Amino acid sequence: MIFILAVIITIAALFVWRRAARQVKQNNAALRSVASGSLVAMFLAGIFAIIQCFTQIPAGHVGVIDFFGIVSERTLPAGINLVNPLARVIKFSIQTKEHKETMEVLSREGLTIGLEISALYRLDPDSAARVYKTVAGGDYETIILIPQFRSISRAVTASFQASALYSTERDRLGMAIQEELARTVAPRGVIIETTPLRNVALPVQLTEAIEQKQ
């Protein structure tokens, strides 16, 4: 809409300038002032209209073009891009982000385990347009990633024995969560880089029993 307004102002200023320019021979100071003012307005509005034909995408982002509900599958890379001035450009970050979770989960034996885990993820740039069209507000973290991360973390941990998580099985638990989460969210355009385990808190009684046994 800003582009249309700038074009209208440019055309109106051009009309006023031409009309005043024809009558300026009468040596009328007022007409000269009108002609000069309209010329300046036409120049500024024209420059502003041209600027609207370009958009700047920040580093680590891509742009999705929405032309009155028609979304282009081609995303705009970082930098200066020439675009339809009537289209809207929605910018999505493709930088790596971290989401942390602290939750209580159950082991295979039904014991409660405290789990501190992170997910390092990023948006697939080739899927940005699809995410914009299919995810409300483009908020794929809240709608897709976080619920799946919590659900999969609980489901995968339930297949491990609590005693095994005391030592070597921790790494395997993290890898299992990463693989299952990546498989689930990849079709929705989310890339999972890793899911590092920060801490696994076993029940105190179990920890003491394992230490005594060792």
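The side chains of Glu-98 and Arg-198 meet in a salt bridge, with 2.5 Å from N to O. In this predicted model, that pair links distant parts of the chain: Glu-98 sits in strand 6 (residues 97–106) and Arg-198 in strand 9 (residues 197–201), 100 residues apart.

A search of the whole structure turns up seven salt bridges. Another of them joins the side chains of Arg-122 and Glu-193, at 3.0 Å from N to O. Here Arg-122 belongs to strand 7 (residues 112–123) and Glu-193 to strand 8 (residues 190–194), so the pair ties together parts that are 71 residues apart in sequence. Arg-122 is partly exposed, with a relative accessible area of 27%, and Glu-193 is partly exposed as well, at 32%.

Asp-66 and Arg-88 supply a further example, their side chains meeting in a salt bridge at 3.6 Å, N to O. Again distant parts of the chain are linked, with Asp-66 in strand 2 and Arg-88 in strand 5, 22 residues apart. The two ends of this bridge sit in unlike surroundings. With a relative accessible area of 10%, Asp-66 falls under the 20% limit and is therefore buried, whereas Arg-88, at 49%, counts as partly exposed.

As for the overall picture, the protein has six helices and nine strands. Of its 214 residues, 36% are buried. Among contacts with a separation of 6 or more, 68% are between residues 24 or more positions apart. The accessible surface comes to about 12,500 Å², and carbon and sulfur atoms account for 58% of that.

Strands 2 and 5 bring us to the sheet they share. It is an open sheet of three strands in the order 3-2-5, with antiparallel pairing. Strand 3 (70–71) and strand 5 (88–93) stand at the edges, each with a single partner strand, so one side of each has no neighbour in the sheet. Strand 2 is mostly covered, as five of its seven residues are buried. Six bridges join strand 2 to strand 5, the two running antiparallel, and Val-62 stands opposite Phe-92 in strand 5. Strand 2 (residues 61–67) pairs with strand 3 over two bridges, likewise in the antiparallel sense, with Phe-67 opposite Ile-70 in strand 3.

Strands 2 and 3 form a hairpin with two residues between them, and Phe-68 in the turn has a positive phi of about 55 degrees. Val-89, for its part, is found in strand 5. The C-alpha atoms of Val-89 and Gly-63 are separated by 5.9 Å, although the two are 26 residues apart along the chain. Leaving aside neighbours within four places in sequence, Val-89 is in contact with Thr-55, Ile-57, Gly-63, Val-64, Leu-76 and Val-83.

The structure holds three aromatic pairs. One of them is made by Phe-67 and Phe-68, which are edge-to-face, with 5.0 Å centre to centre and 75 degrees between the planes. Phe-67 is partly exposed at 31% relative accessibility, while Phe-68, at 58%, counts as exposed. For Phe-92 and Tyr-132, the ring centres are 6.4 Å apart and the planes stand at 75 degrees, so this pair is edge-to-face. Phe-92 lies in strand 5 and Tyr-132 in helix 3, so the pair ties together parts that are 40 residues apart in sequence. Both Phe-92 and Tyr-132 are buried.

Phe-92 also has a C-alpha separation of 10.0 Å from Asp-139, the two being 47 residues apart along the chain. Asp-139 has its place in the loop between helix 3 (128–134) and helix 4 (140–157). At 30% relative accessibility, Asp-139 counts as partly exposed.

The patch covers about 860 Å² and is made by Phe-43, Leu-44, Ile-47, Ile-50, Ile-51, Phe-54, Ile-80 and Leu-82. Helix 2 (29–51) and strand 4 (79–82) each supply at least two of its residues. Helix 2 gives the most, with five residues, and Ile-50 is found in that helix.

Methods:
Residues numbered from 1 in each chain as written. Predicted model: local features only at pLDDT ≥ 70, side-chain atom pairs only at ≥ 80, totals over all residues. Heavy atoms only, no water. Pairing = 2+ DSSP bridges. Helix = DSSP H or I, 4+ residues; strand = E, 2+ residues; numbered from the N terminus. Buried < 20%, exposed > 50% of the residue type's maximum accessible area, 1.4 Å probe, protein only. Contact = heavy atoms within 4.5 Å. Areas by Shrake-Rupley, 256 points an atom, 1.4 Å probe, with all protein chains shown as cover. Patch = residues over 30% accessible without salt bridge, like charges linked within 9 Å, V, L, I, M, F, W, Y side chains within 5 Å. Salt bridge = Lys/Arg side-chain N within 4 Å of Asp/Glu carboxyl O. Phe/Tyr/Trp six-rings, centres within 6.5 Å; stacked < 30°, edge-to-face > 60°.
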